[in-house]
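Reader: I'm new to this one and would like a quick tour. Can we go through it together, one question at a time?

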Amino acid sequence: MTYETQQPPATGTATGSGPAGVRWNKVPEITAYFWVIKVLCTTVGETAADFLNGRLGMGLTGTSLVMGAFLVLALIAQFRTTTYRPGVYWLVVVLVSVVGTLITDNLTDNLGVPLEATTAVFAVALAAAFLIWFKTEGTLSIRRIDSARREAFYWAAVLLTFALGTAVGDLVAEQLSLGYWVAALLFGILIAAVALAHYAMGLGAVLSFWTVYVLTRPLGASVGDFLSQPTDEGGLGLGTVITSALFLVVILALVVFLAVTRRDVTKQEQVTQPAV
């Protein structure tokens, strides 16, 4: 799902610029690598939150404060970069996946807000974020995030998709009482349906992208739960430590590969931007 009509240059403050005033992009090209790492990050978000909350005994509030602080630091680093840096970008996504999970968990577990309510609230909040983004920028481009203002909208939307995806996944799991693999299969089918609608029926790239972005959250969480949860609860019993470590190693390997090969850098930047 990479096709998107070329958008006009951003009107906000540039986050980075190249020769002849070319503004360098702050996000990767949407490739198969992007979606693989996104699902892996989602799984880590689920298992890492469970590990910090349960195994380390930090509790939801303590875990949320610590991971929220790490996310703020990572976002500062991301905004200070002048172009897309795989290591920094995907570090932010991993931390957003953890924090997005914790936001929903805090609302449901600590405050007792029903999952139906959290799902509705985050859906409305995400729609509002997109509306403000479009009204401000005149575009919802997912391929040219090249101004500080546009980048702020982008990361706000990413955070809301993780919170919404967590609520949707938990709601489906509780209402339908699905097993981990059945839930993963269900969300996989929904993602395939969106892809089919995009490629065969002309569903817009922006809508397709963000819909799949939401759905990959419960998909990755189902896989993570299957690997980490005890066998008597339908899992493989690997535990949150091994599962989180395994997926983090794979993420790191893929990020290093992309940093070296630059396969997820937009074509214009491959020409104008020096290899790093």
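Reader: Let's start with Ser97: is it buried or exposed?
Author: Keep in mind that we're looking at a predicted model. Ser97 has a place in helix H3. Its relative accessible area is 1%, and buried means under 20%, so Ser97 counts as buried.

Reader: Which residues does Ser97 touch, leaving aside its neighbours within four places in sequence?
Author: With those close neighbours set aside, we're looking for contacts from other parts of the chain. For Ser97 these are Cys41, Thr42, Gly45 and Phe162.

Reader: Moving on to helix H6, how far apart are its end C-alpha atoms?
Author: H6 runs over residues 180–201, which makes 22 residues. At 1.5 Å a residue, the helix should span 32 Å. The distance in the model agrees with that, at 31 Å.

Reader: Within what arc do the buried residues of H6 fall?
Author: The buried ones are Ala183, Ala184, Phe187, Ile191, Val194, Ala197 and His198. Looking down the axis of H6, they line one face of the helix, because they fall within an arc of 150°.

Reader: Which helices do those buried residues of H6 pack against?
Author: The face turned away from the buried side carries exposed residues, including Leu185, Ile189 and Tyr199. The buried residues of H6, on the other hand, pack against helix H5 (148–176) and helix H7 (205–228).

Reader: How many residues does the largest nonpolar core have?
Author: Helices H1, H2, H3, H4, H5, H6, H7 and H8 each give two or more residues to this core. Among the residues with the most contacts inside it are Trp133, Tyr154 and Trp210. Trp210 touches both Trp133 and Tyr154. The size of the core is 65 residues.

Technical notes:
Residues numbered from 1 in each chain as written. Predicted model: local features only at pLDDT ≥ 70, side-chain atom pairs only at ≥ 80, totals over all residues. Heavy atoms only, no water. Helix = DSSP H or I, 4+ residues; strand = E, 2+ residues; numbered from the N terminus. Buried < 20%, exposed > 50% of the residue type's maximum accessible area, 1.4 Å probe, protein only. Contact = heavy atoms within 4.5 Å. Expected span 1.5 Å × (residues − 1). Arc of directions from axis to C-beta. Core = buried A, V, L, I, M, F, W, Y, C linked by side-chain atoms within 4.5 Å.
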